[in-house]
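Please look over the sequence and the structure before reading on. The paragraphs that follow lead through them step by step.

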Amino acid sequence: RLDRLPVEEQLTMKVASVIGRSFLVRTLGAVYPKPIEDSDLREHLDDTSMRQLTELEAVDPEPSFAFRHVVTQQVAYETLLFTQRRGLHRGVAAWYETVYEGNLSLHHPLLAFHWNRAGNAESECHYTLLAGAQAAKQYANAEAKVYFTRALELFDELDRDRTSDRRFDTLGRRARVNALLGSVDEERTDLESMLAVAELSRDVSQQGEAQLL
């Protein structure tokens, strides 16, 4: 069904698939790989909606559409080359950072996802930590644990030494989450890792904090 679309509408579906199952027309136009009028995008989306590939999700406060089925989004996404996906994810992440500069807190998980797909580990790490802290503050402990675990994986890629303050801090955050989840063995492992980091860095205050915990 996607193959039967006009070439321009196929491209619209591919770009939209990178943004997500739901997407604003404004976002789609901003990251489109070539200049395109909003009216043309609306024509594309009206046609794909008539073909039951997408559907109008909201009109106010601004138009947004969604893929009717997640499989449609996945199939459209898989037709993109790897380099094309990376470039589009980079564009989407940069768009969110620019448009929502004054209030990014609602978009931390989304930005972590897009920077991951864009291949920017440092930016992914930044938003992953923010998303983890936000989830922990809201007592979404299982979700917070996933984010902190991912951040620690990224530290292994980004930090040449294993004594960074952010590694120590993130291990402490995950240890607290594990305690709240009742994961005693994992909490103990994190505390032991904190102590190992503190001993490697010869940071007396960190050693004391780890021992106390």
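D190 is buried, with a relative accessible area of 2%, where buried means under 20% relative accessible area, exposed means over 50%, and partly exposed lies in between, for a 1.4 Å probe and protein chains only. This is a predicted model, in which local features need pLDDT of at least 70 and side-chain atom pairs count only at pLDDT 80 or more, while totals for chains, interfaces and linings use all residues. Residues are numbered from 1 along each chain as its sequence is written, and side-chain values use heavy atoms, with hydrogens and water left out.

D190 forms a salt bridge with R174, and the closest N and O atoms of the two are 2.7 Å apart; a salt bridge is a side-chain nitrogen of Lys or Arg within 4 Å of a carboxyl oxygen of Asp or Glu. The pair links distant parts of the chain, since D190 is in helix α10 (residues 184-201) and R174 is in helix α9 (residues 165-181), 16 residues apart. Helices (H or I, at least four residues) and strands (E, at least two) are DSSP runs, numbered from the N terminus. R174 is buried too, with a relative accessible area of 17%.

The structure holds 12 salt bridges, and one of them joins the side chains of E8 and K34, at 3.0 Å from N to O. Because E8 lies in helix α1 and K34 in the loop between α2 and α3, this pair ties together parts that are 26 residues apart in sequence. E8 counts as partly exposed at 33% relative accessibility, and K34 is likewise partly exposed, with a relative accessible area of 38%. In another salt bridge, R51 pairs with D47, the closest N and O atoms being 2.9 Å apart; here R51 is partly exposed, with a relative accessible area of 34%, whereas D47 counts as buried at 15%. In general, side chains of opposite charge can pair when their charged atoms come close.

The axes of α1 (residues 7-19) and α4 (residues 70-78) come within 8 Å and cross at roughly 110°, where axes are lines fitted to C-alpha atoms, for helices over the stretch in contact, and angles run from 0 to 180 degrees between N-to-C directions. The two helices are therefore roughly perpendicular to each other, a description used for angles of 65 to 115 degrees, while angles under 35 count as roughly parallel, those over 145 as roughly antiparallel and the rest as oblique. On the α1 side M13, K14, S17 and V18 meet Q73, A76 and Y77 of α4, contact meaning heavy atoms within 4.5 Å.

V15 is found in helix α1 as well, and this residue is buried, with a relative accessible area of 1%. Not counting residues up to four places away in sequence, V15 touches L28, V31, Y32, P33 and L88. From V15 to P33 the separation is 18 residues in sequence and 8.3 Å in space, C-alpha to C-alpha.

Which residues of the largest nonpolar core touch the most other members? Of its 32 residues, they are M13, F23, L28, L45 and L111; a nonpolar core is a set of buried Ala, Val, Leu, Ile, Met, Phe, Trp, Tyr and Cys residues joined through side-chain atoms within 4.5 Å. Elements that each supply at least two residues of this core include α1, β1 (22-24), α3 (38-50) and α6 (108-118). Apart from this core lies another, of 14 residues, among them A151, L152, M194 and A198.

In α6, the buried residues include H108, L111, A112 and W115, and what covers the buried residues of this helix includes α1, α5 and α7 (121-137). L111 is in contact with A93, Y96, E97, L104 and Y127, leaving aside its neighbours within four places in sequence. After α6 comes G119, whose phi is positive, near 80°.

Finally, N141 has its place in helix α8 and is buried, with a relative accessible area of 13%; beyond four places in sequence, N141 touches A136, V177, L180 and L181.
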